[in-house]
Amino acid sequence: MSEFNLIREYFFWKPKPDSVRVSVGDDAAVLTLPANKELVVSVDTSNAGVHFPLNTPPHAVGYKALAVNLSDLAAMGAEPAWFTLALSLPAVDQEWVAEFTRGMRELAKQHGIFLIGGDTTRGALSITIQVMGWVPPGRALLRSGARHGDWVCVSGTLGDAAAGLAIVQQRLVLPTAAAAFCVQRLNYPTPRVALGQCLRGLASACMDISDGLLADLGHILTASGVGARLQHTAIPVSAALQPLALAQRLDFALRGGDDYELLFTLPKQHLDEVQQVANKYHIQVTVIGEVDDNQTGLSVDYTFSDKRQGYEHFS
């Protein structure tokens, strides 16, 4: 199959939303931004063997590649609109591409985001997605607003995806149901798009957890010029991880990454409102610590034997 036939078969999506005047098939897309909205743009690359194991099912690869980008929009409080896809393939495997796009389209349909263009090339398997969305003017969630006295909060449970990767890599054994749950969390993260939009005007700072709680909270604290104290007993972990020893459980939850839950700071007076919103969407929200004015950074009432904070590409 030629490159252009591949594009026509799998990446020419219909029907186009009203906001898309021109999409796949021309040199560039032509888009209409709603009045009184600011554009939010993010891009991520997923490489085989780095961001997903080589034997990951193609449906999961497509789903997760889009999910991690939607999670960035969620962290900004943005409403998803469009995305582009640059796909590098070692060869055209129609069965693989069909499953890849099926996974991607399933998630795209859930969040109303539309593929408007991209590129396909021959090379090592690599997926680069650029997502675009919008927020009301001045309402985007940022990393730089945390203030002394705010709660530190997270959505969902932490450490499941890191445990799932350890299971896939045969570094960890869990009971069958627990193992399946963790691998599912690794392959099919849930972007908290609705929660992110609800946090606009309530959260003082926000980002998603991709490289590990400690590392990512460090980014918020640096951007905000504050510190924070965390309680390890407050860190939410799933029932699947409960059988693990405390040190291993906390390693996955605090430093494992790949959960794509939201990490946010919240003025205390907004906690009840956020809990009500989270309950509406059946999302667990947990207070795990408090922002303080200690500018030396982050303190946790648990000590690891090494200083690693989370995943680093070039460490």
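## Sheet and pocket report

Strands E7 (residues 151-155) and E11 (residues 285-292) run antiparallel and are joined by five bridges. Within this pairing, Val154 has Thr286 of E11 as its bridge partner. The model described here is predicted.

Strands E7 and E11 belong to an open sheet of six strands with mixed pairing, in the order E8-E10-E7-E11-E9-E12. The edges are formed by strand E8 (205-208) and strand E12 (298-300); each has a single partner strand, so one side of each is left without a neighbour in the sheet. From one strand to the next, the twist averages 25°. In general, the strands of a sheet pair through backbone hydrogen bonds, in either parallel or antiparallel fashion.

Helix H9 (residues 271-280) lies across E7, E11 and strand E10 (262-266). Relative to E11, helix H9 runs at about 150°.

The second largest pocket has a volume of about 440 Å³. Its lining comprises 22 residues, and those nearest the centre of the pocket are Ile7, Val24, Gly25, Gly117 and Gly118. Helix H1 (3-10), strand E4 (79-89) and strand E5 (114-122) are the elements that give two or more residues to this lining. Strand E5 provides the largest share, six residues. The composition of the lining by class is tabulated below.

| Residue class in the lining of the second largest pocket | Number of residues |
|---|---|
| Nonpolar | eleven residues |
| Polar | six residues |

Methods. Residues numbered from 1 in each chain as written. Predicted model: local features only at pLDDT ≥ 70, side-chain atom pairs only at ≥ 80, totals over all residues. Heavy atoms only, no water. 1 Å grid on protein atoms, 1.4 Å probe; cavity = no way out; pocket = protein on both sides within 12 Å on 5 of 7 lines; lining within 4 Å. Points joined across faces, edges and corners; volume = space filled by probe spheres on them. Helix = DSSP H or I, 4+ residues; strand = E, 2+ residues; numbered from the N terminus. Nonpolar A, V, L, I, M, F, W, Y, C, P; charged D, E, K, R; others polar. Pairing = 2+ DSSP bridges. Axes fitted to C-alpha atoms, helices over the stretch in contact; angles between N-to-C directions. Contact = heavy atoms within 4.5 Å.
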